[in-house]
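Subject: Structure for your review

Dear colleague,

Please find below the structure that I promised to hand over.

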Amino acid sequence: MQEKIYEILAAYLSGENISDKERDILNAWLNSNSTNVSIEGRLSNLVNDLNDFRKIGGIDLEKAYHKNFVLFNIRKKKVIRKLYTRLGYAASVIIVCVCSILFFTRDFNSEIKNKIVKVSDICSGSAKAILKLADGEVVNLDKYSETLLEDSISIIKCNNSVLEYSPKNKTIVVPKLTYNILTVPRGGEYQLLLEDGTKVYLNSDSKLKFPVRFGSKERKVWLEGEGYFEVTKDSSRPFVVKAGGMNIEVLGTSFNVSSYEEDINVYTTLVSGKVKVTDMYSTGKYCVLEPGKQAIYSKNTNLLKTKDVDIDLYTSWKDGYYKFENKSLDEIMKLMSRWYNIEVFYRNKDLKNINFSGRVKRYSNISEFIELLSLTNDVDFELRKGVVVIKNK
């Protein structure tokens, strides 16, 4: 829990818009004792000093660090010194995050920035999607902010980057299910409110097939790519997500599913409630997940297993940031290629195996993201139009 506090504090001090839940956690920590308030104050001073050092000719991290932490007691010094040298959690996480974001949010001259060959910057993804209606009509949702369709059964509206379905008359029995398909391209994201009130966040390069109105026995959808689901409880109609060999059955819960065609595994990560995950291609093998658990299905071996995970590593994308923990550069750049709609090339394939940990903003330009990576490991980047080339320093 303490690691989580320091991560949130780093994001807050760096100017990131933290979520309401994170703000509640931070306030509870600050209100728990005066020592925590003192820590927050010293770290705020650190941010100010880093900015002052930048203005007079560069950021002296060590000077700022010692100025603000030299008065800590012996026990704190020992912990901080260990964390500082390892660049791990606690104060070092805050220092590294704050320094990184100071680098990125202000103009400065440094060898790091000059080493990045930048032909043109690439913006982050944004809300964009294409809807295919039951009659085959295709609608580009980028251009809509109005009612798309209204008949005797349903109303479909597009409002503020959210596609909303609502029943016109709940008493009408739907004689036959009709399906729509929502496709989010690379470089996009979109939200969907299904007719039962279930909310779906679709990540880039993803597709969801769903009925305009659910039937009376179950609520079933099909996912390709990645989606986060907040399912409305309905004990008489289980909610089922079919994704890449997984059959995920819930009653009312929140969970994330990642099922990209090019990935060898399908991941279901449970945030709240309970879900039953079944291997669709075996003899009924299944597992039941509780919050903090993840089901992993291998497309190659048809094996289904579970493990405990930090759910933020798999769900933070919907809250406006990415969190990594010992994640390979190859995995990170696959994720970024979808979000920024770019191609990635390696001059040295061994660079794919370098691991990174940290937290970065989702809606920053790609130059800010790769500058952060260049600060922490032996990699350089060439940023061209729609292409990132990765090489040794």
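The side chains of Asn203 and Arg362 are joined by a polar contact of 3.0 Å, a polar contact being a pair of N or O atoms within 3.5 Å, where within protein one atom must be able to donate a hydrogen and the other to accept it, and where residues adjacent in sequence count only if both atoms are side-chain atoms. Please keep in mind that this is a predicted model, in which local features need pLDDT of at least 70 and side-chain atom pairs count only at pLDDT 80 or more, while totals for chains, interfaces and linings use all residues. Residues are numbered from 1 along each chain as its sequence is written, and side-chain values use heavy atoms, with hydrogens and water left out.

Asn203 is placed in the loop between strand 10 (199-202) and strand 11 (206-211); helices (H or I, at least four residues) and strands (E, at least two) are DSSP runs, numbered from the N terminus. With a relative accessibility of 5%, Asn203 counts as buried, where buried means under 20% relative accessible area, exposed over 50%, and partly exposed in between (1.4 Å probe, protein chains only). Leaving aside residues up to four places away in sequence, Asn203 touches Val184, Gly188, Glu226, Tyr260, Trp317, Trp339 and Arg362, a contact meaning heavy atoms within 4.5 Å.

Asp205 is found in the loop between strand 10 and strand 11 as well, and it has a positive phi of about 55 degrees although it is not a glycine. Most residues other than glycine have a negative phi. Asp205 counts as partly exposed, at 30% relative accessibility. A positive phi, of about 65 degrees, is also found at Asn302, which is not a glycine either; Asn302 sits in the loop between strand 19 (293-298) and strand 20 (304-308) and is partly exposed, with a relative accessible area of 30%.

Turning to the aromatic residues, the structure holds 8 aromatic pairs, counted where rings of Phe, Tyr and Trp (its six-membered ring) have their centres within 6.5 Å, with planes under 30 degrees apart called stacked, over 60 edge-to-face and the rest tilted. One of them is the edge-to-face pair of Tyr179 and Trp222, at 5.7 Å centre to centre and with 75 degrees between the planes. Because Tyr179 lies in strand 8 (residues 179-184) and Trp222 in strand 12 (residues 219-230), this pair ties together parts that are 43 residues apart in sequence. Tyr179 is partly exposed, at a relative accessible area of 28%, and Trp222 is partly exposed too, at 29%. Tyr322 and Phe324, by contrast, form a stacked pair, with 6.2 Å between the centres and 5 degrees between the planes; Tyr322 is buried at 4% relative accessible area, and Phe324 counts as buried at 7%. Ring pairs also link Phe214, Phe229, Phe239 and Phe255 into a cluster.

Two charged side chains are placed over rings, which here requires NZ of Lys or CZ of Arg to be within 6 Å of the ring centre and within 35 degrees of the ring normal. The charged end of Lys209 sits over the ring of Tyr179, 5.0 Å from its centre, and Arg338 lies over the face of Tyr260, at 3.5 Å from the ring centre.

Two further buried positions may interest you. Val250, in strand 14 (residues 246-250), counts as buried at 1% relative accessibility, and it touches Val231, Pro238, Phe239, Phe255, Lys274 and Val275, not counting residues up to four places away in sequence. Thr315, in helix 8 (residues 312-315), is buried with a relative accessible area of 5%, and its side chain reaches the backbone oxygen of Ile311 at 3.0 Å.

As for the whole chain, it has 10 helices and 25 strands, and of its 393 residues 47% count as buried. The structure holds 0 disulfides, a disulfide being a pair of cysteine sulfur atoms within 2.5 Å; Cys123 is exposed, with a relative accessible area of 56%, whereas Cys287 is buried at 13%.
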